Amino acid sequence: MNIDSMFETEQEALDWAHHGIPSRRMAERDGASEPKVMRSNAGFYIGRSKLIDGIEHPYCRLSVYYPTSFQAKRWLDWY
């Protein structure tokens, strides 16, 4: 795979390099979901999930943690 074909913008490449956030193309290639509100013990966040053997697993986190799903949803609407 050519690294230049993985990213649409320079900023997307920098985000991936500095924070380990998979690019949209990588997420699509891996079969990850669209960004959505997810929950963990740390709070609510925006992330992607991936179905593995019929079980949904977290794929990546795209935001900070929020105390409520409403706050995370507002970020998702902006994203």
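A: A term to begin with: helices (H or I, at least four residues) and strands (E, at least two) are DSSP runs, numbered from the N terminus. The model here is predicted, so local features need pLDDT of at least 70 and side-chain atom pairs 80 or more, while totals for chains, interfaces and linings use all residues. Residues count from 1 along each chain as its sequence is written, and side-chain values use heavy atoms, without hydrogens or water.

Q: In what order do the three strands sit in the sheet?

A: Strands of a sheet pair through backbone hydrogen bonds, either parallel or antiparallel. Here the order is β1-β2-β3, an open sheet with antiparallel pairing (strands pair if DSSP finds at least two bridges between them). β1 (36–40) and β3 (55–61) have a single partner strand each, so one side of each lacks a neighbour in the sheet.

Q: How many bridges join β1 to β2?

A: Five, with β2 spanning residues 43–52. Ser-40, for one, has Gly-43 of β2 as its bridge partner.

Q: Where does helix α3 lie?

A: Helix α3 (residues 69–78) lies across β1 and β2, at about 70° to β2. Contact means heavy atoms within 4.5 Å; axes are lines fitted to C-alpha atoms, for helices over the stretch in contact, with angles from 0 to 180 degrees between N-to-C directions.

Q: Why is the pair of Tyr-45 and Tyr-65 edge-to-face?

A: A pair of aromatic rings is described by the distance of the centres and the angle of the planes. The ring centres of Tyr-45 and Tyr-65 are 5.5 Å apart with planes at 75°, so the pair is edge-to-face (Phe, Tyr or six-membered Trp rings, centres within 6.5 Å; planes under 30 degrees apart are stacked, over 60 edge-to-face, the rest tilted). Tyr-45 sits in β2 and Tyr-65 in the loop between β3 and α3, 20 residues apart.
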